[in-house]
Amino acid sequence: MKNKIFFVTFFLIFLTIFGCSIDTELATFSAPKNFKLLEISSNSVVLCWDVEYGAAGYIIYVSTVDSLSSAFGVKVGLTDGVIISGLESCTTYYFWVKAINFVGEGEASNMVEAKTIVGSPDSVNISFDKNDLILSWDSVPNASKYVVYYGKTSFMENAEETIVNAVSSNTVTK
């Protein structure tokens with residue numbers, strides 16, 4: 001036990017003499033480079049960055065305001081990318097990444113801003129009434145309109161479109 005205490009004490013004295021502070025140079029990292037958004041959906045984003053040498057993991061900070069101090073952190077381990085899910089559709093989010101090790105966190109990366117897109121209906125129902133085809137679907141939060149394409153072939157370029165106001169209806173009859 002005395003040998004371990006002596007070694008740790010010697011190591012800390014050595015670091016101090018040679019100008020290396022355990023809480024700054026060894027503990028912190030520069031901000032991860034090339035932090036960017038790769039994909040976005042109605043409830044998730046895919047983020048990536050360059051790995052920092054010596055990092056033990058990363059923390060992604062997420063906020064709905066452009067302020068790192070208002071963000072909450074999500075530890076994501078030692079990786080160069082992550083999927084952040086459980087987000088609300090049509091909402092602007094701000095993200096930062098920091099490298100971490102056994103002593104603490106490094107500097108924050110550049111901020112990445114992303115606005116999630118409107119979702120799609122969870123279920124679509126088709127029914128018939130005499131000569132009419134009735135298409136209905138579950139309402140989508142934050143949708144202002146729906147665009148329904150229809151035609152006699154499976155090719156979109158030949159399809160006609162109908163725009164449905166989301167406030168008044170989620171049904172089309174043709």
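1. A pocket, as the term is used here, is an open set of points on a 1 Å grid over the protein atoms alone, with protein on both sides within 12 Å along at least five of seven lines, and its lining residues have an atom within 4 Å of a point. The model is predicted, so local features need pLDDT of at least 70 and side-chain atom pairs count only at pLDDT 80 or more, while totals for chains, interfaces and linings use all residues. Residues are numbered from 1 along each chain as its sequence is written.

2. The second largest pocket, with a volume of about 160 Å³, is lined by residues including Ser 42, Leu 87, Glu 88, Gly 119, Pro 121, Asp 122 and Pro 141. By class, this lining holds four nonpolar, five polar and two charged residues.

3. The largest pocket has a volume of about 220 Å³, and of its 15 lining residues Pro 121, Trp 137, Lys 145, Tyr 146 and Val 147 are the closest to its centre. Its lining divides into 10 nonpolar, four polar and one charged residue. Strands S9 (132-137) and S10 (145-150) each supply at least two lining residues, and S10 gives the most, with four; strands here are DSSP runs of E, at least two residues long, numbered from the N terminus.

4. An open sheet is formed by three strands in the order S1-S2-S5, with antiparallel pairing, where two strands pair if DSSP finds at least two bridges between them. Strands S1 (36-40) and S5 (81-85) are the edges, each pairing on one side only. Strand S2 (residues 44-48) pairs with S5 over five bridges, and Cys 48 stands opposite Gly 81 in S5.

Terms used: Side-chain values use heavy atoms; hydrogens and water are left out. On a 1 Å grid over the protein atoms alone, a cavity is a set of points where a 1.4 Å probe fits but cannot get out, and a pocket is an open set with protein on both sides within 12 Å along at least five of seven lines; lining residues have an atom within 4 Å of a point. Grid points are joined across faces, edges and corners, and a volume is the space filled by probe spheres set on the points. Ala, Val, Leu, Ile, Met, Phe, Trp, Tyr, Cys and Pro count as nonpolar, Asp, Glu, Lys and Arg as charged, and the others, Gly among them, as polar.
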